[in-house]
Each structure stands twice: as C-alpha cells, then as structure tokens.
Amino acid sequence: MFRPGFRRFASNLTSSASEFAYTLQVSQAQGTVNGFVGAIGRTPLIRLNKLSDETGCEILGKAEFMNPGGSVKDRAALYVIKDAEERSLLRPGGTVVEGTAGNTGIGLAHVCRSKGYQCVIYMPNTQSQGKIDLLRLLGATVHPVPAVAFDNPENYNHQARRHAERLAAETGNAVWTNQFDNTANRRAHIETTGPEIWAQTNGAIDGFTCATGTGGTLAGVTRYLKEQSEGRVKCFLADPPGSVLYSYIKSKGALTERSGGSITEGIGQGRVTDNLAQEIDLIDDALHISDEKSIAMVYRLLDEEGLYVGASTALNVVAAYEMAQVLGPGKTVVTVLCDGAYRYAERLFSRGWLQGKGLLEAIPERLHKYIVL
Ligand code: PMP
C-alpha cells in the first residue's frame, strides 16, 4: 500500500505511484462541501518540476489560487468573519467593513454574499476601475478615498474603522474586520494552511518562505511548522523593494523609513502588524527579491510549469529557489502560490507597461512571445 506523503512528489514517479496519485485526487474530489466557505482551503501542493530538478531540492507551491475566491485571502476573510460572529459583533443581516485594495476585499465580498452580510470596502482612489467594478459586481459597496499614508486619519483603513464604529453604534450589527491587526487572520493559517502543508509533506519539510502583506500567512504557517517540527523547519521572510521588514529582520529589530515601491501587489509592509508581531522572532532569516527577478519568474512559471500567477507568487517562488540553494540539495522547501495573473494581465503581459517600469530587459528574449498586450 502506497503511503500518502512527500515521496509521491518525487520526479521519478513510477506508473503505479502516479496512478495512485490520480486515484487519490479522485477520492478527495468525492463528496460535497457546504457552500462557498466550505470550498475554502485544502488546496493542492504543486511540485515545481523544473525548479526542483535544477536545484536538486523539492520546491513545492501551495496552490492558493485554487481557493473559490481565487486567492490565499479567502482563508483570512472567512476567519475574520467567523471571529466577529463568535464574538457576537455580527448577526444575520449585519455589515462587514474593511479597508483593502485587493484580494481581501474579494474574499470578504464572496463570504459576505454567501452568508447574507453587507460588505463595505474602502480603498485608495489610485486603484484601477477594474478592481472597483469587480467588488461592486460581487455586491460590495465601494468607497474610493484619497490615497494618503497610514498616519493620516483620512487613510482608507481609518475611514473603514470609523464607518464600522458609526454603524455599530447605530445598529449593533457591524464590524471592521481589520485584516492587518486582527489576529484571526493569522489563526486561519495556524489552523488550516500550516496543518495542510505539514500533512501534505508528511512532515518532511525543511523550509518555508513567503512574502507578507498583513503577515497573516507567514506568521501563521511559521508558528504551526515551528511547533510541529520543534523548531527544525527554517522559515524565511521574502520581501519586495519598498518594504521595511527585510532590514527589520536582518538588523534584529530596527525599523527604517519606507522608500521606493514594487510591481508586486498585495505585499510589502511599512510596519510590524499585530499579525506579525508575536511570531516575528520565529523568522530565521529574510530574502530581498528584486522586481527584475519576480517578473522573470512570472514568465518562467508560465513557460515551464503552465502556471499563470501574479507577481507576489513569482516573488515567493524566487525566494523558495534561493532558500533551496541556502539549505542545500535534497531539502524540501514550500512556498505559497497566492493568486492567478488574471487581475494583473494588462500590466504583467503588456510591452508598454514593462518598458515603463524598466523591466523588459529582465525577461529573457525567448519568453518575449508571452508579451502579447
Ligand atoms: N499576495 C497577494 C496577491 C495578496 O493579495 C496578499 C495579501 N495582501 C499577499 C500575497 C500576502 O498575504 P498576507 O496578507 O497573509 O501577508
């Protein structure tokens, strides 16, 4: 009897083992789940074949783009809403308010529709019309507000908080889900993502790395893996340009001014959020990943693996590749495939946009056939 676990990811699968892997998937597909929220999680762990063969390591990506709302943030959206319900801040017909420009809003809008809540989203008015349209068609009320820094009271997060406070005072049935500092976000990953990765690798995992937006994924998965392995699994932060966390970890606690930006949407941070704060000492090291490396990996994953992913996913995979080189041959490194490229296609695959960002040269000539927009 084939033991389910890490070895089924081996590149030299025998035909009976690969048949077994197929049967396993079919048996997992049996049965039904309860509504949209029942379909969140239990995502596959994909062996990135070319990168694994090249490094002599197992480089595995947690396919979070397969969540029903299309990203890793479905897990956090479900948990912050469940938390509000459990604390009796939200009852049927209530309103969920959040400040978000991206995947969290989409996840919340889906979960709200499926549970019958109203969803109100504040976002900086620099965001694309496409994002606003998507949230509106998912039933959310969207407030685009001036794009000002977090320390300004008119920042979208503070506006969301005040809106929720007003509504809660009037109706007693509204909540600001506060993804950055609400640790129910991290709990989603301690209770689901971490355990799934541990089970899917049969505990044969040596390293985990991912980038942070709120920090929920990195903190939650790190906490679980460190506990299970009694500290053996190494956990690295992957940081884009413009984020302060790389130097925070390298300097063991010095917070610098944020400067510059990155093409990687949804990640990079200017402060230690509450989601990160309790676990940041567990992080072993940090990797700084340039936009040039991330964009090249977007194209490489498409060409070699058939994976159509966003830039934060590509950054994570570059980090996993570099972590594999640090840990050495024979090790298993897991990262997160956060979302698909669908929402970013008009930028990531546009010659004009790539030229404007000075990134065209970062993409090898043989992959320019994918620059179709
Ligand atoms: N990638 C993408 C595309 C995201 O939208 C986010 C969340 N903002 C992340 C990665 C990071 O996830 P987390 O908030 O758990 O740090």
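Which residue stands opposite tyrosine 122 in β5? Histidine 143 in β5 does. The structure is a predicted model, in which local features need pLDDT of at least 70 and side-chain atom pairs count only at pLDDT 80 or more, while totals for chains, interfaces and linings use all residues. Residues are numbered from 1 along each chain as its sequence is written.

**The sheets**

Helices (H or I, at least four residues) and strands (E, at least two) are DSSP runs, numbered from the N terminus. Two strands pair if DSSP finds at least two bridges between them.

Strand β4 (residues 118-124), to which five bridges join β5, runs parallel to β5. Both belong to an open sheet of four strands, in the order β5-β4-β3-β6, with parallel pairing. At its edges are β5 (141-145) and β6 (174-176), each of which pairs on one side only. Neighbouring strands of this sheet are turned by 15 degrees against each other on average, direction ignored.

Six strands form another open sheet, with mixed pairing, in the order β1-β2-β10-β7-β8-β9. Here β1 (45-47) and β9 (285-288) stand at the edges with a single partner strand each, so one side of each is left without a neighbour in the sheet. Within it, β2 (residues 58-63) and β10 (residues 332-337) pair in the parallel sense over six bridges. Glutamate 58 stands opposite threonine 332 in β10. Helix α13 (residues 311-327) packs on the sheet and touches β2, β7 (207-210), β8 (234-239), β9 and β10. The direction of α13 makes about 170 degrees with that of β10.

**Helix pairs**

Two packed helices are described by the angle between their axes and the distance between the axes. Axes are lines fitted to C-alpha atoms, for helices over the stretch in contact, and angles run from 0 to 180 degrees between N-to-C directions.

| Helices | Angle | Axis distance |
|---|---|---|
| α4 (residues 73-86) and α5 (residues 103-115) | about 50 degrees | 8 Å |
| α12 (residues 291-305) and α13 | about 95 degrees | 8 Å |
| α8 (residues 184-200) and α9 (residues 216-228) | roughly 50 degrees | within 7 Å |

Angles under 35 degrees count as roughly parallel, over 145 as roughly antiparallel, 65 to 115 as roughly perpendicular and the rest as oblique. Helices α4 and α5 are therefore oblique to each other, and α8 and α9 are therefore oblique to each other. By contrast, α12 and α13 are therefore roughly perpendicular to each other.

Two residues are in contact if their C-beta atoms, placed from the backbone, lie within 7 Å. In α12, Lys293, Ser294, Ile295, Met297, Val298 and Leu301 meet Ala311, Ala314, Leu315, Val317 and Val318 in α13. This contact of α12 with α13 has nine nonpolar, one polar and one charged residues. Ala, Val, Leu, Ile, Met, Phe, Trp, Tyr, Cys and Pro count as nonpolar, Asp, Glu, Lys and Arg as charged, and the others, Gly among them, as polar.

**The ligand**

How many residues surround the ligand? There are 19, and the closest are Gly213, Thr214, Thr217, Gly266 and Ser312. A residue counts as near a molecule if its C-beta atom, placed from the backbone, lies within 6 Å of it. By class, the shell around the ligand divides into four nonpolar, twelve polar and three charged residues.
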